[in-house]
Amino acid sequence: MSDKIEFVVKGQPYSKANSRRLVTIKGKPRFIKSKQALSYSKDFAIQCPRQKDLIPKDKDVSVTMKIYYASRRPDLDESLILDLMQGIIYENDRSVKEKHIFWGLCKDDPRAEIVVNVI
């Protein structure tokens with residue numbers, strides 16, 4: 001287990017709160033991730049460096065992210081990325097005790113630059 005993990009994920013993340021869609025499953029209404037959020041989730045899983053030894057639940061982590069969006073429209077929202085790192089970087093996103101999140105604009109190369117530190 002490394003005390004510091006740095007990586008970049010290409011593509012624009014979508015807001016977890018604003019990217020839900022209402023569908024009917026077995027006659028019951030359900031909210032699920034939008035097509036864009038599902039697509040980003042798949043891309044993230046491919047690009048995120050899998051850790052042989054996940055950061056365990058009893059360790060606290062600090063996460064620093066600069067999220068570059070393709071336009072000025074999206075709200076800054078790191079929640080989907082934090083969820084997606086669960087099971088790849090750390091065991092549980094409840095380990096995140098400190099966050100430093102920054103918004104950036106890069107029309108040609110939307111991405112998330114991510115640093116995870118054990119604190």
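In the chain, 37% of the 119 residues are buried. The model described here is a predicted one. Two helices and six strands are present, and read from the N terminus the elements follow the order β-β-β-α-β-α-β-β.

Four of the strands build an open sheet, in which the order is β1-β6-β4-β5 and the pairing is mixed. The edges of this sheet are formed by β1 and β5, each of which pairs on one side only. From one strand to the next, the twist averages 10 degrees. The pairing of β1 with β6 is antiparallel and extends over seven bridges. Within this part of the sheet, Val-8 stands opposite Glu-113 of β6.

Helix α1 spans residues 35-47 and therefore has 13 residues; its first and last C-alpha atoms are 18 Å apart, close to the 18 Å expected at 1.5 Å a residue. The helix lies across β1 and β6 and runs at about 135 degrees to β1. The buried residues of α1 include Ala-37, Tyr-40, Ser-41 and Phe-44. These residues are on the same side of α1, because the arc that they cover around the axis is only 105 degrees. The spacing follows from the geometry of a helix: with 3.6 residues a turn, residues three or four places apart point the same way. On the face of α1 that is turned away from the buried side, the exposed residues are Lys-35, Lys-42 and Ile-46.

Charged side chains were examined next. Side chains of opposite charge can pair when their charged atoms come close. The structure holds five salt bridges, of which three are described here. In one of them, the side chain of Asp-109 meets that of Lys-10, with an N to O distance of 3.1 Å. Asp-109 is located in the loop between β5 (96-105) and β6 (111-118), whereas Lys-10 belongs to strand β1 (residues 4-10), so this pair ties together parts that are 99 residues apart in sequence. Both partners count as partly exposed: the relative accessibility is 24% for Asp-109 and 41% for Lys-10.

Another salt bridge is formed by Arg-111 and Glu-113, whose closest N and O atoms are 3.1 Å apart. Arg-111 is buried, with a relative accessible area of 13%, while Glu-113 is partly exposed at 29% relative accessibility. Through salt bridges that share partners, Lys-10, Asp-109, Arg-111 and Glu-113 are joined into one network.

Lys-99 lies in strand β5 and Glu-78 in the loop between β4 (61-69) and α2 (79-85), so parts that are 21 residues apart in sequence are tied together by the pair. Lys-99 has a relative accessibility of 45% and counts as partly exposed. Glu-78, in contrast, has a relative accessible area of 14%; this value is under 20%, and the residue is therefore buried.

Two residues illustrate contacts between positions that are separated along the chain. Trp-103 is found in strand β5 and is partly exposed, with a relative accessible area of 27%. Its C-alpha atom is 5.2 Å from that of Ile-67, although Trp-103 and Ile-67 are 36 residues apart along the chain. Neighbours within four places in sequence being left aside, Trp-103 is in contact with Lys-66, Ile-67, Tyr-69, Ser-71, Arg-72, Pro-74 and Leu-76.

Ile-119 is placed in the segment after β6. This residue is exposed, and its relative accessible area is 55%. Between Ile-119 and Lys-59 the C-alpha to C-alpha distance is 7.5 Å, while their separation in sequence is 60 residues. When residues up to four places away in sequence are not counted, Ile-119 touches Asp-60, Val-61, Ser-62, Lys-97 and Glu-98.

How values were computed
Residues numbered from 1 in each chain as written. Predicted model: local features only at pLDDT ≥ 70, side-chain atom pairs only at ≥ 80, totals over all residues. Heavy atoms only, no water. Buried < 20%, exposed > 50% of the residue type's maximum accessible area, 1.4 Å probe, protein only. Arc of directions from axis to C-beta. Salt bridge = Lys/Arg side-chain N within 4 Å of Asp/Glu carboxyl O. Pairing = 2+ DSSP bridges. Axes fitted to C-alpha atoms, helices over the stretch in contact; angles between N-to-C directions. Contact = heavy atoms within 4.5 Å.
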